[in-house]
Amino acid sequence: MQEAPYPYVWLGEDGILRLDYGRNPRIDLEAIQSALRQHVAISTVPRPVLVKGQGMVTSTAEAEDYAATPEVMAVTTAVALMQPTTIARIAAKLYLTYRRPPYPCRAFDREADAIDWLLQYVPRE
């Protein structure tokens, strides 16, 4: 049986691409490259992205650098980071302060709020 790609990526009916990294993920270069391959396979139109993970999410410097490459920027209009815990929200704020992604990016603790914010970045067809 073939293993499902990591992270799990899908396009919602609302036009928002979702990435689910699972429980306590460490997002490395391979994971973010897999997410981009899946994104492009689903839609080459630039889309907003909701990034989810449960528990404490960490990432490598290589993954953070790759998130700002022209390949990622070409298909990404905005990113919402779901950060359900206080520690995760603090880590996300530090990331956003020091890394400053080249597209709009915010951290949220409620998925409904993240989706409301991302909807303004959905391409009009």
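How much space lies in the largest pocket? The volume is about 620 Å³. The model is predicted: local features need pLDDT of at least 70, side-chain atom pairs count only at pLDDT 80 or more, and totals for chains, interfaces and linings use all residues. Residues are numbered from 1 along each chain as its sequence is written, and side-chain values use heavy atoms, with hydrogens and water left out.

A pocket is an open set of points on a 1 Å grid over the protein atoms alone, where a 1.4 Å probe fits, with protein on both sides within 12 Å along at least five of seven lines. Its volume is the space filled by probe spheres set on the points. Lining residues have an atom within 4 Å of a point. The largest pocket is lined by 34 residues, and I27, I32, V51, L81 and Y95 are the closest to its centre. Two or more lining residues come from each of β2, α1 (29-42), β4, β5 (58-59), α2 (61-66), β6 and α4 (86-98). Helices (H or I, at least four residues) and strands (E, at least two) are DSSP runs, numbered from the N terminus. The most is given by α4, with five residues. The lining holds 26 nonpolar, six polar and two charged residues. Ala, Val, Leu, Ile, Met, Phe, Trp, Tyr, Cys and Pro count as nonpolar, Asp, Glu, Lys and Arg as charged, and the others, Gly among them, as polar.

Helix α5 spans residues 111-118. Its A114, I115, W117 and L118 are buried (under 20% relative accessible area, with exposed over 50% and partly exposed in between; 1.4 Å probe, protein chains only). Seen down the helix axis, the buried residues of α5 fall within an arc of 160°, so they line one face. The arc is that of the directions from the axis to the C-beta atoms. These residues pack against β2 (17-23), β4 (47-54), β6 (76-82) and β7 (105-108).

Strand β1 (residues 8-11) runs antiparallel to β2, joined by four bridges; strands pair if DSSP finds at least two bridges between them. W10 stands opposite R18 in β2. Five residues lie between the strands of this hairpin, where G15 takes a positive phi near 90°.

D20 is also found in β2. It counts as partly exposed, at 21% relative accessibility. Beyond four places in sequence, D20 touches P7, Y8, W10 and K52 (contact means heavy atoms within 4.5 Å).

T58 belongs to β5. At 33% relative accessibility, T58 is partly exposed. Leaving aside neighbours within four places, T58 is in contact with P25, R26 and I27. The C-alpha atoms of T58 and A88, 30 residues apart along the chain, are separated by 8.8 Å.
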